[in-house]
Amino acid sequence: MKKSHLFVLAIIAVAAAIILSTTADASVYVGFGEARARAAEGNTTKVHVVGKLPRDAQKHPLGLEYDPMTDPNYFAFTLVDTTHLAQRVVYNNPKPQDFDASEQVVITGCMKGDVFMADNILLKCPSKYVKKDLKGATASVN
């Protein structure tokens, strides 16, 4: 074979390895029902679940369990997914800042028994997207 053919084959092999390594770590967006079905089949791959926190009449989230004095790395809450299925979620890290004010929550993890074990929590907080009063704001150019 010519050196150019070997070079092209090497490039293809590297590209294939990169593609395979990135798809092996990818997770999909599912509801709690599908996450339970995957766990029942023995599939332990990570999934994303999008949901909202159930709230009372005063707009306070229901079912939050966090006591930093007892265990700062245990946070449990109930999340309702887009199919309106409620699920208990356990996150073995401190409670994220502004979790109570969050409008929407995206969790990554997998089902273990009757709970969803979250590895990561992403929050969409409406206060971050509200336009601030910019009167008197100036920019300086150096």
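**View 1. Lysine 59, an exposed residue in a loop.** This close-up comes from a predicted model. Lysine 59 has a relative accessibility of 60%. The cut-off for exposed is over 50%, so lysine 59 counts as exposed. Where does lysine 59 sit? Its place is the loop between β2 (47-52) and β3 (65-66). Look at the backbone too. Lysine 59 has a positive phi of about 70 degrees, yet it is not a glycine. Most residues other than glycine have a negative phi.

**View 2. Aspartate 98, a partly exposed residue in a loop.** The loop here runs between β5 (86-91) and β6 (104-112). Is aspartate 98 buried, exposed or partly exposed? Its relative accessible area is 40%.

View 3. How many helices and strands does the protein have? There are two helices and seven strands.

**View 4. Buried residues, contacts and surface.** The protein has 142 residues, and 26% of them count as buried. Now consider contacts between residues at least 6 apart in sequence. Of these, 49% join residues at least 24 apart. The protein exposes about 10,000 Å². Carbon and sulfur atoms supply 59% of that area.

Technical notes. Residues are numbered from 1 along each chain as its sequence is written. This is a predicted model: local features need pLDDT of at least 70, side-chain atom pairs count only at pLDDT 80 or more; totals for chains, interfaces and linings use all residues. Side-chain values use heavy atoms; hydrogens and water are left out. Helices (H or I, at least four residues) and strands (E, at least two) are DSSP runs, numbered from the N terminus. Buried means under 20% relative accessible area, exposed over 50%, partly exposed in between (1.4 Å probe, protein chains only). Contact means heavy atoms within 4.5 Å. Accessible areas come from the Shrake-Rupley method with a 1.4 Å probe; for residues, only the protein chains shown count as cover.
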